[in-house]
Amino acid sequence: MMGMKRRAFLIGGAAVVGGGIFAIKWADSSAASAAKDLISGKGESAFSAWLKIAEDDSVTLYSPHADIGQGSNTGLAQMLAEELDADWSKVNVVQAPAEGGFANVGLGRGFLGDMTGSPGMVDAMPESLLSFIARAMPLQITGGSSALRFTGQKTMQVVGAATRLALVETAAKRLGVPVTELMTADSKVLHTKSGKALRYGELAAEAAERNLSDEPKLKDRKDYKLIGKPVPRLDIPAKVNGSIKYGMDVALPDMRVATIMAAPIRGGKLVSVDPAPAMAVKGVEKVIKLDSAVAVVAKGYWPAIQGLRALSPKFSDGGNGAISTASIFAAHDALRKAGKPNSKAGDGDVDAGMKAAGAKIVEAGFRVPFLHHAMMEPFALTAHYKDGKLDIWGGMQDPLATKMAAAKFAGLSASDVTFHPMVSGGSFGRRLPMYVEIVEQVTTLAMQLPYPVKLIWSREEEVQQGAYRPQSSAQLKAAIGADGKIAAYQNDYAQPVDIEGEATFIYDLPAVSRRLYKHVSNQTTGSWRSVNSTQHGFYNECFMDELAAAAGTDPVEFRRKHLKAESRHLAVLDEVARRSGWGTALPEGIGRGIAVVEAFKTIVAQVVEASVGEDGTPKIHRVFAVVDCGTTVNPVNAENQIQGGIIMGLSTAMGESITLENGAVLQSNFSDYPILKMAAAPASIDVHFIESGAEMGGLGEPGVPPAAPALANALFAVTGKRTRQLPISKTFLRDVPQADARS
Amino acid sequence: MAIAAAINGKPMVFTADPETPLLWAIREDLGLTGTKFGCGIAACGACSVHVDGVITRSCSITVGDVAGKEITTIEGLASEGKPSALQAAWIEHQVPQCGYCQSGQIMAATALLTSNPRPSDADIDAVMTNICRCGTYTRIRAAIHSVAGSA
């Protein structure tokens, strides 16, 4: 769940877009064959680094994507098995080893296409170059809602189809019949004339010797048997009986457990620590000082955390001791006041639009806090250094980059480091190696210990040392012309990075301006599910509601007026209005709010029905969502992703906030960083997909952004008060004049 | 000082210090890793087990507290290799996403249905206080109702 901007920067930074790129050769052509060797056992044939067919017909897909809960590995397997005509009951998925031969060409192709806006140019690149790019990145990323739309379409379907072709050609040769007389189904090649059938398992070894076609013909959508079907996720049985192993569950002979405390003020260093109080705890074996943290190594987690808590380490503040939530917002406002934006984007003459005769000017300021990912499994990485080799186990969104990072920290060559990917207990953007300290921490510990060590972060450490969604603010201003339509729209926002190429502005307006006032605090900020679309979805969709009110127009009708006719956005908006009964009466005290956001090429509109309790607490009754992601591969899992995204978005609006005082995070656990629970979650979430057949969009992230603004807009409908700051304040909503209620 | 208890129907002796939270003894000493560490302060419920049939957050009671008691973990719900009715419902309704909280969710739901075989939505809300960051609550509710036959 990584921003396009950062990816674009990474790829651009490798200087592959521009002149001379075709001269780059795949220097290490042995990587893919080494990858094949790695996964092939006796009686098994590997067709590429992605796929293995055994003599017993079983098909194993080596997925380059981490299972972080999004279910994409089942979707990838569906896409591969569809084109392969494989017997679904014999298909299984394992995560690919963190080796160069498994670098994700499809992902590179997808992101390059996204970045350049010209897929044709990318398609013209030789596969070897794309693989080079993927391995140079190194791309084994799970993020950007990319698995099915990029890896699935650009790799899995192609590999499945090419492999099927190789099997058919092998069968044709063996049976002495033309390829045109053969068909495939359920992992068999069939010759209907003679009634003969050959199993894939008996063809695999010979077929694997063939060169795979680069451009096999893919199936027509109407012939799909698996894509679009709600096949059960392959990982679920092991997730209901406790048998699946997460990074937290790694157990090795002689392993010790460590836990750690980093400088509470980010940027600070460890000044001193007396290890004696920790060493006095039974089971504690070592106290290890790191540059900006102190770790305790023990027989188990309990003595380790007791030992850590017994310490009184002194940390410096890195010069950041005066930073607070208030000081960051004050700095944002000062930057806007100074009026020197770091970047500008948009179209049309905004100044002229704002000054047009008769224009009604509307302005509003919005603020959102840092957000913690709150993945349920706190970080846990295990590392073992022995005989010059380093092994690491854990759940990360980019195994290959994790391995490279560990090699760097250990001072080893990548070939001496093995990363063993484990299942992740959630991630939401948290487990991208460029934003985390734990890879360096566990590597540093392992390099000085004679036994394996599992480094577990406490929940407190995880809350206080996050790679947060940035604290951000925006001043929005618009002019509504005499025709009741927006003449000019301006978003002056302050945060660490710009949103161009990532947070899509969906409305068709004569003049739009987006200006970044760049502000970086001492906190680490990273990709948080849906990245910049969360806060900018909130800004734009709340402000559109304010503009609708200023224009005296219904919020749905107002949005309709500013979306292109016949557009997918309009279809999504109309459908959610229809399904939610927009405009019809609701029980007294309940209001509706709407929001539409496009993220990762998927358009999502939501209607939230909410009321306000006597103590000011919002109550969310029902949510309606309409989604156009082009095509759904697995409708049940797709619905699950959208429902979960909505609950996450509502949770942030209802109570999530990381705040700073004296440079340090104030929150420490779920006690003061509340996550929405069952009782507060909407009882009903209706999700409908429009199968438009448009370019496939992502699904892991786009459910999140519309939820908070739709809730805020519903609360306005009930109370007449505008929520412009998240999380929603109970005291703000209390004592609301009910006479202002609108429906 | 060894503490004797029964885990999933089998007698077991804890060698851990009696002050050790039950969670860590289950995970690290017995190797039953289906019970999860989430917060350490009984706020999330990922570590939920049954102690003499009562739903209990194992991070916040000690090994000493469970002397002589019957403990059931997620690994103990299946009988003869067959998932329990609730586990089967969890599969049928495709509940888990990342799955990390689901052991605790299933333990909480199992305890609920034992004491209240046909819970209302309000009953479910009152008892199912475990956190799921993936947001699977809608499906958890449906799975519970399907087993209770009160959907």
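Residues are numbered from 1 along each chain as its sequence is written, and chains are lettered from A, with ligands numbered from 1, in the order in which they are written. In this predicted model local features need pLDDT of at least 70, side-chain atom pairs count only at pLDDT 80 or more, and totals for chains, interfaces and linings use all residues, while side-chain values use heavy atoms, with hydrogens and water left out.

Me: What makes a residue of chain B count as being in contact with chain A, and how many do?
Reply: Contact means heavy atoms within 4.5 Å. By that rule 45 residues of chain B are in contact with 60 residues of chain A.

Me: What is the area buried between chain B and chain A?
Reply: Buried area is the accessible area (1.4 Å probe) that two parts lose on being put together, summed over both. For chain B and chain A this comes to about 4300 Å², and carbon and sulfur atoms give 59% of it. Gln94(B), Gln97(B) and Arg133(B) supply 20% of the area that chain B buries against chain A, more than any other three residues.

Me: Why is the pair Asp249(A) and Arg27(B) called a salt bridge?
Reply: A salt bridge is a side-chain nitrogen of Lys or Arg within 4 Å of a carboxyl oxygen of Asp or Glu. The closest N and O atoms of Asp249(A) and Arg27(B) are 2.9 Å apart, so the pair meets the cut-off of 4 Å.

Me: How do you know that the salt bridge of Arg133(B) and Glu656(A) joins two chains?
Reply: The N to O distance in this pair is 2.6 Å. Arg133(B) lies in the loop between helix 4 and helix 5 of chain B, and Glu656(A) in the loop between helix 20 (635-655) and strand 25 (660-661) of chain A, so the pair joins two chains. Helices (H or I, at least four residues) and strands (E, at least two) are DSSP runs, numbered from the N terminus. Both Arg133(B) and Glu656(A) are buried.

Me: Are Glu609(A) and Arg592(A) buried or exposed, and why?
Reply: Glu609(A) has a relative accessible area of 3%, so Glu609(A) is buried. Arg592(A), at 10%, counts as buried because the limit is under 20%. The two form a salt bridge, with the closest N and O atoms 3.9 Å apart. Glu609(A) is in strand 23 (residues 602-612) and Arg592(A) in strand 22 (residues 591-599) of chain A, 17 residues apart.

Me: What makes a set of residues a nonpolar core, and how many residues has the largest?
Reply: A nonpolar core is a set of buried Ala, Val, Leu, Ile, Met, Phe, Trp, Tyr and Cys residues joined through side-chain atoms within 4.5 Å. The largest has 185 residues, and those with the most contacts inside it are Tyr489(A), Leu547(A), Trp90(B) and Ile144(B). A second, separate core of 35 residues includes Ile53(A), Ala166(A), Ala204(A) and Ala207(A).

Me: Why is Ser63(A) called buried, and where is Ser63(A) found?
Reply: Ser63(A) has 0% relative accessibility and so counts as buried. Ser63(A) is found in strand 3 (residues 59-63) of chain A. Leaving aside neighbours within four places in sequence, Ser63(A) is in contact with residues including Asn73(A), Leu76(A) and Val93(A).

Me: Is Ala2(B) buried or exposed, and why?
Reply: Ala2(B) counts as exposed because its relative accessibility is 52% and the limit for exposed is over 50%. Ala2(B) lies in the segment before strand 1 (3-7) of chain B. Not counting residues up to four places away in sequence, Ala2(B) touches Val13(B) and Phe14(B).

Notes. Buried means under 20% relative accessible area, exposed over 50%, partly exposed in between (1.4 Å probe, protein chains only).
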